[in-house]
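Me: I am new to this structure and would like to learn how to read some of its features. Please take them one at a time.

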Amino acid sequence: MYSTLVFDLGNVLVPFDYAPIIAKLNKIQNGLGDRFVQLYKDNYEIHRNYERGNLHTEEFLTVALEWVNYKLFGREFCKLFSSVFKIDDRVVGLLPILKKNYQLVLLSNTNLIHKKYGWGGYDFLKYFDKQILSFEVGAVKPEKKIFRAVEEFTQQPPSKHFYIDDAEEYVSAAKELGWGGIQFTSYEKLYEDLKEKKII
């Protein structure tokens, strides 16, 4: 039924946690981590614009370094900002199995710093035929444009795509375009869902 499996990155293949960053910043200066995360939340449109590619890295860093009271240099901040990821080995372990029968596409709301200093060097990326990244296509989920970018690559009708994302809103957006999809909540549930749909 499906020819292409499309995976979200964050909190599916690579769980992420900002708590250690906050703790490290608080050690550098009392309350600095709390200040940073509050400013990040209050100005979330800056994060979104950076993910959408509407903000250059230099522009984002200008703001982010002010948020950390210039206690870090640019490269130091980039490394710390990108140290949030870890690999879910069980989910990643499904990729070579699925690759035997399906085209695999990575679809992520992400930014250049996180790719360059964080997840971009992970070995499991070799299983993907294509990475569709928000900052490269100029759109973020749940916008139609980013899903259409996948279809432009695969040259397959919407019904041939099956999407896995931890955000229900993004799965719903894919389904509205005619894709199949499931919300990721755990490896166990993912495996059950894939078996039920005879994907694995």
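Reply: Start with helix axes: they are lines fitted to C-alpha atoms, for helices over the stretch in contact, and angles run from 0 to 180 degrees between N-to-C directions. Helices (H or I, at least four residues) and strands (E, at least two) are DSSP runs, numbered from the N terminus. This is a predicted model: local features need pLDDT of at least 70, side-chain atom pairs count only at pLDDT 80 or more, and totals for chains, interfaces and linings use all residues. Residues are numbered from 1 along each chain as its sequence is written, and side-chain values use heavy atoms, leaving out hydrogens and water.

Me: At what angle do the axes of helix H1 and helix H2 cross?

Reply: Two packed helices are described by the angle between their axes and the distance between the axes. Here H1 (residues 19-28) and H2 (residues 32-42) cross at roughly 130 degrees, their axes coming within 6 Å. That makes H1 oblique to H2 (under 35 degrees is roughly parallel, over 145 roughly antiparallel, 65 to 115 roughly perpendicular, the rest oblique). Contact means heavy atoms within 4.5 Å; among the residues making it are Ile22 and Leu25 of H1 and Phe36 and Val37 of H2.

Me: Is Lys141 buried or exposed?

Reply: Buried means under 20% relative accessible area, exposed over 50%, partly exposed in between (1.4 Å probe, protein chains only). Lys141 is buried, at 2%. Lys141 sits in the loop between helix H9 (134-137) and helix H10 (144-154). Beyond its neighbours within four places in sequence, Lys141 is in contact with residues including Asp8, Leu107 and Asp165.
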